[in-house]
Amino acid sequence: MPQPRPRTVEAVCGETDLPDQTDGFALRDRLVRLAQAVLRADELAAHRATFGAAEVYLKEVRYGVGELLQIVDCGGWPSLALVGRDGLDAALIIAKAASVEEQVTLRRALAPAVRNGLVPEPHLVHLAALIARASGTPIDDADRFGPEAADGAA
């Protein structure tokens, strides 16, 4: 009996271009699974201060972040309508584990999604604050899309 073909990011990216609702569910499921793996590895590393636990953590984070970067590269930051709140939260969990350089890249994809009303602004605020804290640079004005930012710019 032939083995089922494993699903790849490319397959999921290709599917998200289709209007069928099940495509969003596949992407949501992928993001949630990646985030769960990152969180489990983080908990393991926190409770077992060993090099083995650190290696597991780094492996899961590198894999999860790499997958998220590919997903974002294929179709932009996933929208609330496509992956739901848990899919958005999962993407943010993965992004939080990324390096600062990767977070900056992810923020560039997240900002237009927020600007277009596809993702709630707190996701961008959270990621921008992480970047600012890690890099020591202030939050960029491009990260502000609320009505108060528009009023201040006038």
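Trainee: What elements make up the protein chain?

Mentor: The model is predicted. The protein chain has seven helices and zero strands. From the N terminus on, the order is α-α-α-α-α-α-α.

Trainee: Why are α3 and α5 called roughly parallel?

Mentor: Take the angle. Helix α3 (residues 51-75) and helix α5 (residues 100-115) pack at about 30°. Angles under 35 degrees count as roughly parallel. Therefore α3 and α5 are roughly parallel to each other. Their axes lie 11 Å apart, and the crossing is left-handed.

Trainee: Which residues of α3 and α5 meet?

Mentor: From α3 come Arg62, Val65, Leu68, Leu69 and Val72. They meet Glu102, Thr105, Leu106 and Ala109 in α5. By class, this contact of α3 with α5 has six nonpolar, one polar and two charged residues.

Trainee: How do you know whether glutamate 102 is buried or exposed?

Mentor: Set its value against the cut-off. Buried means under 20% relative accessible area. Glutamate 102 is at 16% relative accessibility, so this residue counts as buried.

Trainee: Where is glutamate 102, and what does this residue touch?

Mentor: Glutamate 102 is in helix α5. Leaving aside residues up to four places away in sequence, glutamate 102 touches Arg62, Val65 and Leu69.

Trainee: Why are α4 and α6 called roughly parallel?

Mentor: The axes of α4 and α6 cross at roughly 5°. The limit for roughly parallel is under 35 degrees. Therefore α4 and α6 are roughly parallel to each other. Their axes come within 11 Å.

Trainee: Which residues of α4 and α6 make the contact?

Mentor: α4 gives Arg85, Leu88, Asp89, Leu92, Ala95 and Lys96. α6 gives His123, His126, Leu127 and Leu130. By class, the contact of α4 with α6 has five nonpolar, two polar and three charged residues.

Trainee: How many residues are in the largest nonpolar core, and which have the most contacts inside it?

Mentor: The largest nonpolar core has 32 residues. Leu31, Leu68, Trp77 and Leu106 have the most contacts inside this core. α2 (21-47), α3, α4 (80-96), α5 and α6 (121-135) each supply at least two of its residues. In soluble globular proteins, nonpolar side chains tend to be buried together.

Trainee: What does tryptophan 77 touch?

Mentor: Residues up to four places away in sequence are not counted. Tryptophan 77 touches, among others, Leu68, Val72, Leu88, Ala91, Leu92, Leu106 and Val119.

Trainee: What share of the protein chain counts as buried?

Mentor: Of its 154 residues, 37% count as buried.

Trainee: And what share of contacts join residues at least 24 apart?

Mentor: Among contacts between residues at least 6 apart in sequence, 63% join residues at least 24 apart.

Notes. Residues are numbered from 1 along each chain as its sequence is written. This is a predicted model: local features need pLDDT of at least 70, side-chain atom pairs count only at pLDDT 80 or more; totals for chains, interfaces and linings use all residues. Side-chain values use heavy atoms; hydrogens and water are left out. Axes are lines fitted to C-alpha atoms, for helices over the stretch in contact, and angles run from 0 to 180 degrees between N-to-C directions. Helices (H or I, at least four residues) and strands (E, at least two) are DSSP runs, numbered from the N terminus. Angles under 35 degrees count as roughly parallel, over 145 as roughly antiparallel, 65 to 115 as roughly perpendicular and the rest as oblique. A crossing is left-handed if the near helix is turned anticlockwise from the far one by less than a right angle, and right-handed if clockwise. Contact means heavy atoms within 4.5 Å. Ala, Val, Leu, Ile, Met, Phe, Trp, Tyr, Cys and Pro count as nonpolar, Asp, Glu, Lys and Arg as charged, and the others, Gly among them, as polar. Buried means under 20% relative accessible area, exposed over 50%, partly exposed in between (1.4 Å probe, protein chains only). A nonpolar core is a set of buried Ala, Val, Leu, Ile, Met, Phe, Trp, Tyr and Cys residues joined through side-chain atoms within 4.5 Å.
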